[in-house]
Amino acid sequence: MAKLLIIFCSLMLFFVYPSIADQTSFRPKALVLPVSRDPSTLQYLTSINQRTPLVPVKLTLDLGGQYLWVDCDQGYVSSSYKPVRCRSAQCSLAKSKSCISECFSSPRPGCNNDTCALLPDNTVTHSGTSGEVGQDVVTVQSTDGFSPGRVVSVPKLIFTCATTFLLEGLASGVKGMAGLGRTKISLPSQFSAAFSFDRKFAICLTSSNAKGIVFFGDGPYVFLPNIDVSKSLIYTPLILNPVSTASAFFKGDPSSEYFIGVKSIKINGKAVPLNTSLLFIDKEGVGGTKISTVDPYTVLETTIYQAVTKVFIKELAEVPRVAPVSPFGVCFNSSNIGSTRVGPAVPQIDLVLQSSSVFWRIFGANSMVQVKSDVLCLGFVDGGLNPRTSIVIGGHQIEDNLLQFDLAASKLGFSSSLLFRQTTCANFNFTSKA
């Protein structure tokens, strides 16, 4: 009986993650994707190779996204595409609660009968739809943490087909979104299962024209000149929001986004007076603090925004203010602001976490945005009263910070600004080949 059980479990692993059995000759310790910032939309973009024959698929990176979704309506041609059937192991892994019983066209990727369905979500425009769950070949570059290695293949990566209208609001040429969130079929979960490496990934975004990076797997995470950032991370627990924050979701789904426990905010060491109840997630899933790559700037609930800007202005009282430049509400004459290794010489903003000694410090490079040659604005945006999430830490605030998400231990490791270490997220050596 025990022998039969072992054989059954082995078969289940093969059917759900067939790539485990297919990667016999070389098993990478980590994978790597380059990330660039689109100047017109401020979205962070990456690209994967998918399908047979392989084609590059340009994607908007979505840190809290549930899974990979792509437009299957236009130009999806692949001899290796397979729809995921209802009641299959893959459908169960995807936590689908819906089936497509009849598709009203000839069979093609995204339109097959008796297939598993999910709700792909454009988190930039907050729109969702229904889509077929499928599997196809994906190739990604491996890494040893120092430089890129050989390309490896995941033969049956699970993703969701979406319709073309869901691409509205995404950067030019983008065909979908790469979800890195807290689900069993997000890219980090599938990559770690496919190659049996740690359920960890790290993002390091850049504002420059150079490439930032996503690592899948554990460190080292080495940036020129030979600095392993994984050795100097500060850790804080990741908090699970029990209610989905997606545009469309199945009842009972938790959020796939990454929340952390900000307890207070300090500016130049001075506590900002806040309604601290807003910092906690209530039973409806409202409140708290999350990290986002689709919001270009940090968004604060109105009373938090007003309190933060009031203290910041007071601490920078010697610098003349100028008319605000949208979307920002507080701007200064930059000719009166000095420069440091970590950006403009402005008050430091601390997000205080599980104790007063654990905080995420935001320096001028991440708090300020140069909007004109002589105007610097505080890069925080008023999110209105009663938003779904009280604090959304946006892309600008995490640029040149390395963030490691440990899914198994449910904790976040963060570096604070790499500019202090005399390196940046653009300094990964993408040129060397193993």
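**Disulfides and aromatic contacts**

The structure holds 6 disulfides (pairs of cysteine sulfur atoms within 2.5 Å). The model is predicted, with local features requiring pLDDT of at least 70, side-chain atom pairs counted only at pLDDT 80 or more, and totals for chains, interfaces and linings using all residues. Residues are numbered from 1 along each chain as its sequence is written, and side-chain values rest on heavy atoms, with hydrogens and water left out.

When the bonded cysteines of the protein are numbered in sequence order, the pairing reads 1-8, 2-4, 3-7, 5-6, 9-12, 10-11. One of the disulfides is formed by Cys 72 and Cys 161, with the sulfur atoms 2.0 Å apart. The torsion about this S-S bond is about -70°, so the disulfide is left-handed. Cys 72 lies in the loop between β4 (69-71) and β5 (82-83), and Cys 161 in strand β11 (residues 148-162), so the pair ties together parts that are 89 residues apart in sequence. Helices (H or I, at least four residues) and strands (E, at least two) are DSSP runs numbered from the N terminus. Both Cys 72 and Cys 161 are buried; buried means under 20% relative accessible area, exposed over 50%, and partly exposed in between (1.4 Å probe, protein chains only).

A disulfide also joins Cys 86 to Cys 99, at an S to S distance of 1.8 Å. Cys 86 is in the loop between β5 and α3 (89-93) and Cys 99 is in strand β6 (residues 98-100), so this link ties together parts 13 residues apart in sequence. Cys 86 counts as buried at 7% relative accessibility, whereas Cys 99 is partly exposed at 39%. Cys 103 and Cys 111 are likewise joined, S to S 1.5 Å, and this link is left-handed, with -110° about the S-S bond. Cys 103 is partly exposed, with a relative accessible area of 21%, and Cys 111 is buried, with 3%.

Rings of Phe, Tyr and Trp (its six-membered ring) pair if their centres lie within 6.5 Å; planes under 30 degrees apart count as stacked, over 60 as edge-to-face and the rest as tilted. By this rule there are 17 aromatic pairs. In one of them, the ring centres of Phe 191 and Phe 216 are 4.9 Å apart and the planes stand at 80°, so the pair is edge-to-face. Phe 191 belongs to helix α4 (residues 187-195) and Phe 216 to strand β14 (residues 212-217), and the pair links distant parts of the chain, 25 residues apart. Phe 191 is buried at a relative accessible area of 0%, and Phe 216 is buried at 0%. Ring pairs also link Phe 215, Tyr 221, Phe 223, Phe 428 and Phe 430 into a cluster.
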